[in-house]
Amino acid sequence: MELLRVIQLNILQVLGSICGMLALFVLITRSIDKRRKICLIAMELGSMFLLLFDRYAYIYRGDVSHKGYVMVRVCNFVVFFCTSFVIFAFNAFLKDLLLNEGRFEKIPVQLKICDILFVIAEILIIISQFTGFYYTFDEYNRYQRAPGFLISYLFPVAILALELYVVIKNYYRLRKMTGITLFLFTFVLLAASIIQLFTYGISFINISLVGMVIVLYLFSIRDMNETVARAGNIEIDLLKQEQKAIHRLFEQTAEALANAIDAKDTYTHGHSARVAEYARKIAEASGMDEKECQEVYFAGLLHDVGKIGVPNHIINKAGKLTDEEYDVIKSHPVIGKQILSSISESPYLSIGANHHHERYDGKGYPDRLKGEDIPRIARIIAVADAYDAMTSKRSYRDPIPQQKVREEIVKGMETQFDPEYAKIMLQLIDRDTNYEMKEKEEIKELAGRNGLSCDEIGADVSEGIYMNPAMTTISFTSVTRPQAKDLSSVPTLIIFDSLDARVYLDEKRGKDLLYYEYGRIRLDGEVTAGGIRNVKTESVEHIRAGKNEWLNANKEGLRYSIEGVRIEDHLLIRVTDKFKTTQIIMALPDKARFAYIGLTGEQCDIVNVQISRNEKAEAADYIPRIAEEISFISGPEGDVPNIEVAGWRAASTDGIPVEGDMTLTFHSMSLPTARLVWHCPYVSLFYSKDGHINGEDYKEFVLVRFDGENWESDETVENRMLINKNDDFTSWDEWKNLNKQGLDYTVYIKKEGNKVEVRTENAGISIVSTTIIKIDVPKVYLSITGDQVAITNIRIS
């Protein structure tokens with residue numbers, strides 16, 4: 001306490017100076033409300049005068065000179081006056097805060113009483129100067145408390161108590177930090193006033209008052225910053241919302257325009273949207289950022305906008321176009337450029353429209369650009385556009401099977417297409433094992449209809465409904481024609497496989513598209529077996545019904561539910577109607593072929609068709625086995641277990657750590673269902689924590705296919721591939737035949753630091769793949785996989 005007495009003069013001077021500076025800061029601050037600014041300046045200046053005059057009151061205490069006489073009396077008067085004045089200024093600050101932040105409609109009556117008390121207090125201070133009611137001075141010119149001294153404390157304490165009451169009562173209407181600051185201001189000063197009653201010679205009230213005024217200033221600055229930040233965030237949010245609204249408007253306008261373009265051609269419904277989506281996938285896989293991918297998407301969406309200027313009779317002509325008509329069609333890129341060039345903020349739109357028919361070899365149109373002179377965005381759209389054109393129905397042909405489309409894209413690399421983007425398209429095709437990347441309708445298997453009108457089997461048949469390990473449910477109502485007299489006039493399920501997932505009853509056409517029929521299931525329970533190894537049928541009756549009753553129910557309209565699931569080489573189909581449930585299990589000839597259900601019938605209408613698919617696959621043992629598993633890997637086993645790869649990368653060996661020089665040998669034989677060049681072995685270089693494909697932290701560096709194609713990874717890897725055909729290579733047909741007969745492969749692997757070289761030669765194809773890994777990984781693993789291939793006797797040395 002004695003130390004505080006010694007240093008309090010310095011404290012008063014420092015705090016007074018701070019208050020003066022803070023008053024200046026408040027004055028030059030623009031972001032504080034004007035009324036609140038006046039209150040803060042009044043508090044800061046009042047506090048400054050209070051402390052400075054209090055300091056001089058102590059300095060001149062006991063000085064009996066004329067100057068000392070005047071200074072002691074003036075300073076003490078100012079101290080008493082400023083104490084009440086600062087509390088009054090705080091009262092004004094509090095009123096402003098409640099009206100604005102607390103959203104009070106009127107000022108609380110307690111604060112109005114505080115103003116009255118302030119006026120009375122200041123009048124009493126003035127009267128005291130002439131009566132000695134509050135304080136007097138002895139013969140040594142020293143300040144002495146008078147009998148009325150307690151009353152001088154009563155008014156400030158009463159004002160603070162009323163302010164504290166208002167703060168506590170309305171705390172919930174204020175922000176948390178605001179309430180805490182106001183509470184501290186009033187509470188601390190009340191506590192200091194009580195202490196001051198029992199302490200003489202130390203200015204507890206004055207120092208506490210000024211300290212709280214400084215805290216209040218800091219709070220105001222913090223509140224100001226938060227208000228500015230909130231305003232900034234609101235402005236940013238509004239800008240973001242505006243940008244999103246503009247983006248949505250742009251997107252909706254582009255989609256509307258694309259739909260208008262597609263509507264001109266009966267056979268291109270959804271073409272623009274599909275091209276845009278395929279183009280975006282290519283852009284993403286090539287490593288473009290989100291903004292660039294968006295630009296590619298919208299350029300793809302509007303790539304055919306120029307067709308607006310092409311007459312309808314040319315666009316929808318069923319037969320072959322004349323040279324003159326073809327020239328008109330070829331003008332649509334230029335028309336598109338003219339239409340879109342007015343959108344100066346998005347120049348990529350006109351670029352995509354103008355150049356999407358350029359060819360990589362320079363033989364395209366309209367400008368006959370070549371190679372990388374063709375804008376990147378147009379090279380991407382060219383691949384996506386060609387893919388969708390081939391996989392969509394046209395007036396003169398059905399969709400081309402995806403595998404044949406793949407072969408066409410391979411043929412077009414470096415002639416029609418940029419090889420980089422064509423290769424990415426091939427990767428997307430290879431990943432699309434369920435053939436989702438094609439023209440879709442509301443119910444794609446019914447070409448947009450929700451029903452079939454069947455006069456005889458196969459006359460009207462749905463596209464194939466794909467069966468996989470996830471349960472597929474097909475429900476519909478069958479209405480048998482009134483003239484029908486026997487049970488054959490009901491829906492029939494055709495179970496089959498073909499390249500384009502369509503039923504072909506014409507033998508020649510079916511042969512071209514590798515049509516294979518497993519069997520037929522008539523929904524009265526009759527099963528006709530085709531190319532399957534075994535079949536088992538079980539039925540459970542719900543309601544006993546005779547032949548005529550069941551037929552009449554079909555004539556009135558009978559609801560059916562078909563559940564189908566395929567696990568490896570077994571297929572389960574469960575047919576349920578209100579009379580019975582029939583379960584059919586088929587043992588398929590192999591694991592490699594696809595299985596589709598084609599919906600057809602005889603003398604019946606199939607209506608209200610609904611198709612749904614579970615996301616989760618059924619357990620591996622869901623279908624009871626009725627025939628032995630067919631295995632093509634029963635041959636000798638080496639250092640690594642044999643694998644049978646029934647589909648694209650459907651199975652892989654565990655990772656083999658790559659270290660130094662290694663030699664890998666194995667026997668490979670394409671499965672009986674293999675028919676394409678890429679139905680062969682592959683080798684993958686990768687990393688994962690557990691050494692398994694798709695394990696934790698999985699990262700593939702390169703996929704080397706033994707037909708000479710390779711999958712490159714991203715910018716974390718640099719890959720170089722050299723492929724040569726030597727004298728042993730005769731043709732790809734012969735190469736496929738040799739793989740079907742079976743080949744012994746030898747693969748040489750060499751790892752030096754972060755560089756891995758893979759070399760092999762098979763049936764005249766020499767491959768050297770060099771991979772430089774640009775990131776640090778603890779290990780590099782090698783895995784053998786493939787497509788439609790059996791790999792046995794794997795040995796490592």
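**Close-up views of a predicted model**

View 1. C75 is buried, at 0% relative accessible area (buried means under 20%, exposed over 50%, partly exposed in between, with a 1.4 Å probe and protein chains only). C604 is buried too, likewise with 0% relative accessibility. Its closest cysteine sulfur belongs to C454 and lies 4.7 Å away, too far for a bond. With a disulfide taken as a pair of cysteine sulfur atoms within 2.5 Å, the count is 0.

This is a predicted model, so local features need pLDDT of at least 70 and side-chain atom pairs count only at pLDDT 80 or more, while totals for chains, interfaces and linings use all residues. Residues are numbered from 1 along each chain as its sequence is written, and side-chain values use heavy atoms, leaving out hydrogens and water.

**View 2. The largest nonpolar core.** Here 43 residues come together, a core being buried Ala, Val, Leu, Ile, Met, Phe, Trp, Tyr and Cys residues joined through side-chain atoms within 4.5 Å. Strand β18 (residues 681-687) gives the most to this core, with 5 residues. V658 is among the residues with the most contacts inside the core. Beyond its neighbours within four places in sequence, V658 touches L685, I749, K751, V756, V780, Y781 and L782 (contact: heavy atoms within 4.5 Å).

**View 3. Strands alongside β26.** Strands are DSSP runs of E with at least two residues, numbered from the N terminus, and two of them pair if DSSP finds at least two bridges between them. Antiparallel to β26 (residues 789-796) runs β15 (residues 643-645), joined to it by 3 bridges; E644 sits opposite A790. Strand β17 (residues 661-670) is also antiparallel to β26, through 6 bridges, with H667 partnering T792.

Definitions and conventions. Helices (H or I, at least four residues) and strands (E, at least two) are DSSP runs, numbered from the N terminus.
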